[in-house]
Amino acid sequence: MSTQDATAPEQGSGAPVTVMVVDDHPMWRDAVARDLAEAGYDVVATAGEGAQAVRRARAACPQVLVLDLNLPGLPGVQVCKELVGTLPGLRVLVLSASGEHADVLEAVKSGATGYLVKSASTAELIEAVRRTAVGDAVFTPGLAGLVLGEYRRLAAGPGPGRPDEPRVPQLTDRETEVLRLVAKGLSYKQIAERLVISHRTVQNHVQNTLGKLQLHNRVELVRYAIERGLDDD
C-alpha cells in the first residue's frame, strides 16, 4: 500500500519522530519498519524478543514503541511495564494479532497508549503511530469502548490519589474542561475542535495537568477523572 499521502509528525526541532519496532517475526518487523521509514519516521531500533527490546529501547530512547505482545523470553506486556515511566516521553502502541479483550486490557494496564490489530492497513498503522506520537489514545474500532468501560470499573474500586488526600492540586477551569473531555474518550483533535483551540494547546493542558497531579500517562489521567465523576454530563 502506498504511503505517499501520510505525513509523520515532527519534534519541536523539526526532526522526525523516532520509532522502535518490536516483533518476533523478521519479515513482519522489517515491513513495518520500512513502511514507517517511508512515511517519514526515524526508525531508530528494532528487536525480536523481549529482553533485547528493553535493552535497545533504553539505548535508543524512541518516542513511540510499536510493540507486539507475543514475544519470546519477556512478554510484550512486561516490556511495556519496564519501559513506560522510565523512558521520558515514551508512548507505546501495541500491534498484535490478538483482538481478545483480556489482551487489550492487560496491555492498557501495563501502560500502553493504544492497541491496533495486525489486520489494520498500512495507512491505518501510520495514522495510529502519528496519533500516538502526539499523545492520543488509539484503538482498533470497537475496542475504545471496552477500555473506557474498564477505566470506569477500576475507578469504582480503591486507588491512589483519592480526593480526601491533603493538598489536592488546583486545576484551572480550562484544564478541568479538557480533563472532562479526555475522560469521555475524545481524542485530542476532537477536544481541540470542541473547544475551538489548537491541538498543541490541548496537549499543553494535558501535560500541565499530568504534572500537577503527578500522573504519568493518559491511562492514569482518565482513571483520575472518572474517580471524580468528570465523565458524567
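Predicted model: local features only at pLDDT ≥ 70, side-chain atom pairs only at ≥ 80, totals over all residues.
**Stop 1: helix α9**

Select residues 199-213, which form helix α9. At 1.5 Å a residue, its 15 residues should span 21 Å, and the end C-alpha atoms are 21 Å apart, so the two values agree.

Next, colour the buried residues of α9: V202, Q203, H205, V206, T209, L210 and L213. They cover an arc of only 160° around the axis, which means that they sit on the same side of α9. An α-helix has 3.6 residues a turn, so residues three or four places apart point the same way.

Now turn to the face of α9 directed away from its buried side, and select R200 and G211; both are exposed.

**Stop 2: what covers α9**

Which elements cover the buried residues of α9? Show α7 (173-183), α8 (188-195) and α10 (218-227), which are among them. Then select Q214, the residue that follows α9. The phi of Q214 is positive, near 55°.

**Stop 3: the cavity**

Move to the cavity. The structure holds one of 30 Å³ or more, and the volume of the largest cavity is about 30 Å³. To display the lining of this largest cavity, select V21, V22, D23, W28, V32, V66, D68 and L95. Two elements, β1 (18-22) and α1 (26-38), each give two or more residues to this lining.

How values were computed: Residues numbered from 1 in each chain as written. Heavy atoms only, no water. Helix = DSSP H or I, 4+ residues; strand = E, 2+ residues; numbered from the N terminus. Expected span 1.5 Å × (residues − 1). Buried < 20%, exposed > 50% of the residue type's maximum accessible area, 1.4 Å probe, protein only. Arc of directions from axis to C-beta. Contact = heavy atoms within 4.5 Å. 1 Å grid on protein atoms, 1.4 Å probe; cavity = no way out; pocket = protein on both sides within 12 Å on 5 of 7 lines; lining within 4 Å. Points joined across faces, edges and corners; volume = space filled by probe spheres on them.
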